[in-house]
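Dear colleague,

Please find below the structure that I am handing over to you. My notes on what was found in it follow directly after.

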Amino acid sequence: MTHLTLVPTANPFMKWAGGKSQLLYAFNKRFPAGLKTGEITHYVEPFIGGGAVYFFITGQFPFESCTICDSNEELILTYRVIKESPQDLVECLATLESEYLADNEAERETQFYAVRDTFNRNKSRITFDTVQPDWVERAAQVIFLNRTCFNGLFRMNRNGGFNVPFGKYKNPRICDKKNIHNVSAVLKNTRILLGDFSSCRPYINAGSFVYLDPPYRPLNSTAFFTSYGKDGFTDADQQRLAGFYRELDTAGARCMLSNSDPKNENHGDTFFDTLYDGFTIERVPARRIINSKGSGRGDINELVITNYENR
Ligand SMILES: C[S@@+](CC[C@H](N)C(=O)[O-])C[C@H]1O[C@@H](n2cnc3c(N)ncnc32)[C@H](O)[C@@H]1O
């Protein structure tokens with residue numbers, strides 16, 4: 001059966017820690033057969049982040065509907081603005097971009113810190129659960145900061161402030177008009193949830209394919225990277241997630257979960273082997289940047305855990 005690409009090709013609009021672009025080929029080989037037969041009509045991604053897998057898979061398969069979720073309120077606000085008001089966002093971003101590109105480096109740095117200060121100052125005034133007129137400007141600031149900050153990280157401190165310093169880029173793409181409109185088109189059939197991964201539960205059934213990419217379990221004490229939001233993702237959360245996975249399995253959903261392999265560091269660490277006992281656990285090679293200094297770069301395995309055999 002030939003599959004047409006029914007939606008425009010869209011790409012992640014944010015650089016996001018833990019982005020899965022490099023693993024798409026390995027994942028593609030492991031997607032369930034029900035995607036091709038049309039048995040699966042609903043795609044769910046409870047830890048959406050930058051959405052590398054979401055944009056890839058929705059470009060391959062014409063889902064009737066999708067559900068995406070993340071606990072990062074700034075990220076979800078930005079997805080919602082792109083879905084509902086792409087043109088307003090493009091105009092706001094174009095203004096930020098033209099100022100930035102016309103500036104010299106010192107002026108760019110001044111603009112960066114001015115946007116960052118405004119962003120942090122306004123935090124307490126933003127209502128994240130219902131659409132507000134100030135959301136468009138907020139989303140533009142999120143994308144601007146992501147594109148111009150050091151290493152393209154989106155890291156919040158304990159108070160929920162954005163604290164990444166200025167990054168020196170020659171010609172950053174701040175306003176990618178075409179992609180924002182394409183992302184908006186892809187999001188039209190997508191329910192966007194803010195909150196814990198468990199919020200997706202009511203929407204998952206036997207016609208769903210669920211891809212889960214939780215924050216990594218630290219590979220070692222120095223290489224941790226769980227600072228996507230104010231709160232970390234603990235071993236207790238990983239255990240709660242495994243319970244969720246089993247519940248989805250019982251409901252008949254097809255599930256694929258990825259995580260760092262603790263055996264990269266400690267061969268005796270069977271944390272995930274125990275949690276996901278009974279499911280198909282594969283180890284696929286990955287190259288991951290696990291700290292901002294770059295000293296943690298190298299080849300490691302990624303765990304891919306599926307609850308189906310058919311590919
Ligand atoms: C590894 S990243 C996902 C990366 C994504 N697959 C990509 O390609 O960009 C994990 C995501 O989980 C989110 N997160 C952390 N705790 C969460 C929770 N309890 N429920 C839902 N999302 C959570 C983080 O904000 C982060 O965006």
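Helices H6 (residues 105-122) and H7 pack at an angle of about 135 degrees, with their axes 10 Å apart, and they are therefore oblique to each other. Helices here, like strands, are DSSP runs numbered from the N terminus, with at least four residues (H or I) for a helix and at least two (E) for a strand. Axes are lines fitted to C-alpha atoms, for helices over the stretch in contact, and angles run from 0 to 180 degrees between N-to-C directions. Angles under 35 degrees count as roughly parallel, over 145 as roughly antiparallel, 65 to 115 as roughly perpendicular, and the rest as oblique. The crossing of H6 and H7 is left-handed; a crossing has this hand if the near helix is turned anticlockwise from the far one by less than a right angle, and is right-handed if clockwise. On the H6 side, Phe112, Val115, Arg116, Thr118 and Phe119 meet Gln141, Phe144, Leu145 and Thr148 of H7. By class, this contact of H6 with H7 has five nonpolar, three polar and one charged residues. Ala, Val, Leu, Ile, Met, Phe, Trp, Tyr, Cys and Pro are taken as nonpolar, Asp, Glu, Lys and Arg as charged, and the others, Gly among them, as polar.

Please note that this is a predicted model, in which local features need pLDDT of at least 70 and side-chain atom pairs count only at pLDDT 80 or more, whereas totals for chains, interfaces and linings use all residues. Residues are numbered from 1 along each chain as its sequence is written.

The protein has 10 helices and seven strands. Of its 311 residues, 41% count as buried, that is, with 20 or more other C-beta atoms within 10 Å of their own; 12 or fewer makes a residue exposed, anything in between partly exposed, and C-beta atoms are placed from the backbone. Among contacts between residues at least 6 apart in sequence, 74% join residues at least 24 apart, a contact being a pair of residues whose C-beta atoms, placed from the backbone, lie within 7 Å.

Phe162 belongs to the loop between helix H7 (135-148) and helix H8 (177-187). Phe162 counts as buried because it has 21 C-beta neighbours inside 10 Å. Leaving aside neighbours within four places in sequence, Phe162 is in contact with Arg116, Phe119, Asn120, Leu145 and Met156.

With 14 C-beta neighbours inside 10 Å, Asn151 counts as partly exposed. Its phi is near 65 degrees, a positive value in a residue other than glycine. Most residues other than glycine have a negative phi.

A further helix pair is formed by H5 (residues 86-102) and H8, which pack at an angle of about 155 degrees with their axes 10 Å apart. H5 and H8 are therefore roughly antiparallel to each other, and H5 passes H8 in a right-handed crossing. The contact is made by Pro86, Leu89 and Val90 of H5 and by Lys177, Ile180, His181 and Ser184 of H8. By class, the contact of H5 with H8 has four nonpolar, two polar and one charged residues.

As to the strands, S4 (residues 208-212) runs parallel to S5, to which four bridges join it, and three bridges join S1 to S4, also in parallel. Strands pair if DSSP finds at least two bridges between them. Val210 in S4 stands opposite Val44 and also opposite Cys255 in S5, while Phe209 stands opposite Arg254 in S5. Five of the five residues of S4 are buried, so S4 is largely enclosed by the rest of the structure. Ser208, Val210 and Leu212 point one way from S4, and Phe209 and Tyr211 the other way. Strand S5 (residues 254-260) is likewise largely enclosed, because seven of its seven residues are buried.

Finally, helix H3 (residues 52-60) is mostly covered, with seven of its nine residues buried: Ala52, Val53, Tyr54, Phe55, Phe56, Ile57 and Thr58. What covers these residues includes helix H1 (24-28), strand S1 (42-45), strand S2 (65-70), H8 and S4.

With kind regards

Notes: Contact = placed C-beta atoms within 7 Å.
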